[in-house]
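The structure is shown first, and the conventions are given where they are needed.

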Amino acid sequence: MVRSFEKEIPAWVYVGSLLLFIHFYSVTVSGAALKQEAALDNGATVLNHSMGLVHRMETLLAMGNGSDVTLRVQTVNTDEVKVIQAHSLVLTLQSDVFEELLLSRNSTVVVLMVTPDCAAVFDKFVRYLYTGDISVRLDQAISLHRLASKYHVWGLQQGLTQYMTQHLSSESPTGHVVGWYNYALQIGDLTLQDSCLQYLSWNLSSVLQSGEWSSISEDLLLSLLQRSDLILQSELELYEALEGWINQNQPVSTTVESALRTVRYGMIPPHHLFRLQKQSPLMLKYYESIRNLLYLAFQFHSASPIQLAKYFDVNCSIFTPRNYLSSSWGSPWVINNPTRDDRSFSFQTQLGPSGHDSSKRVTWNALFSPRWLPLSSRSTYTELGAMQPTRTDGGRPRIIVTPATSSPEFAGVSFQKTVIVMARQQGKVVVRHVYNFHQSTEETGDFLVDADLQRRASEYLIDSSLYLHIVIKPLYHTLLVARK
């Protein structure tokens, strides 16, 4: 009798072989291109069936073949239980937390207590451990990030952080940026926290009109109100939005007073201040808390800044503009086909926000060059008078903003120039970048330094055009004397 030595291969051996291959593949993926080139040089052809392997791993999870551990996922404070048949080799390879749990277990069942939001996406999380890919919705990002952080799946955690920073502008029914900011603050993720805070600051006008504004916490509100880089239509828009937030959230009086004292009343025209004094229920209620600021604002509007500086310190936030988009402060500028040639543009702003200066106009000239070259790289002449060709591929975009004329009225005023670059992200027009000019310079050195304007699909272009908004912010402190 012929004895057969063929046996059915145990499932754990099959799983182990797959995982060893995946592990080897992941370790060597960084050198894959180099090895492929070497193989092709030797006349060999590389066959890549890794996707088929991933599919078999996904099938293994779905069917539960060879499972040696049962994950009992229980939602806290409920009777809801989700059971997942898994493989300890996969879990330990992907997570040191799972490895420790499995080493200390007394049975094949591991009980995991999770919050309701994490329970809803736990299947997705486990599938990622088997396949390395995952589909994410805006409302699932925090829950998946929590699971990735809890079980030390660092690749997924970093990927989700990147996903959130890249989807701040996505549309959602109730908004998600504030929730992501609060979560980043809770876990100490400074990268995500700063990205959310910058998005809210740079796109504040749209945030104020959304349902997300009312969900802002007191700490976040006060943090935003103290910033000078807010981009919005006017200070009046901010005050009215603050009044709406207070009416809806009903914070304690100390919070209301702190918030009201961060409003820059000197940036609100006097006729609007008069109206607010008589018609704003919030200002009527808390008038005594901000009376000194209103008095200072009216003084600011009634006298020249230099005269005011003889008696008051004007180098403070109440007299410092934010990035206002209204026509008094600057102008939008749409540059079609920005790589074609140089463009120029003229616009007018008020001399200053003070009532004393607001009727005086300043004309500004803006010049945009798509391929500006430093003097050392420009065309030169040979001894015979022939001009050597200029190398244009080394140029970079440049913008210059200068006043058309000088005036004695500029005394005591320096101008902070800000160029805002708009872009379309997830179908929504948002602020892509903000460039600030030093007060004593005419241009910003790093303007669009990383932008590829030649590419039609550039993230800096909207329908092949460059959308800019130039803001001029008069500041009163260059020639001001100290109060005696």
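## Basis and conventions

Helices (H or I, at least four residues) and strands (E, at least two) are DSSP runs, numbered from the N terminus. The model is predicted: local features need pLDDT of at least 70 and side-chain atom pairs count only at pLDDT 80 or more, whereas totals for chains, interfaces and linings use all residues. Residues are numbered from 1 along each chain as its sequence is written, and side-chain values use heavy atoms, with hydrogens and water left out.

## Leu-156

Leu-156 lies in helix H9, which spans residues 154-166. With a relative accessibility of 4%, Leu-156 counts as buried (under 20% relative accessible area; exposed is over 50% and partly exposed is in between, with a 1.4 Å probe and protein chains only).

Residues up to four places away in sequence aside, Leu-156 is in contact (heavy atoms within 4.5 Å) with Phe-125, Tyr-128, Ile-134 and Ala-148.

## Helices H7 and H8

The axes of H7 (residues 122-131) and H8 (residues 141-150) come within 10 Å and cross at roughly 50°. Axes are lines fitted to C-alpha atoms, for helices over the stretch in contact, and angles run from 0 to 180 degrees between N-to-C directions. H7 is therefore oblique to H8; angles under 35 degrees count as roughly parallel, over 145 as roughly antiparallel, 65 to 115 as roughly perpendicular and the rest as oblique.

The crossing of H7 and H8 is right-handed (the near helix is turned clockwise from the far one by less than a right angle; anticlockwise is left-handed). Phe-122, Lys-124 and Phe-125 of H7 meet Leu-144, Leu-147 and Ala-148 of H8. By class, this contact has five nonpolar, no polar and one charged residues; Ala, Val, Leu, Ile, Met, Phe, Trp, Tyr, Cys and Pro count as nonpolar, Asp, Glu, Lys and Arg as charged, and the others, Gly among them, as polar.

## Helices H16 and H18

H16 (residues 270-279) and H18 (residues 287-302) pack at about 155°, with axes 11 Å apart. The two helices are therefore roughly antiparallel, and their crossing is left-handed.

From H16, Pro-270, Leu-273, Phe-274 and Gln-277 meet Tyr-287, Leu-294, Ala-297, Phe-298 and His-301 of H18. The contact divides into seven nonpolar, two polar and no charged residues.

## Asp-357

Asp-357 occupies the loop between strand E7 (343-350) and strand E8 (361-372). Asp-357 is buried, at 5% relative accessible area. Beyond four places in sequence, Asp-357 contacts Pro-305, Leu-351, Gly-352 and Tyr-476.
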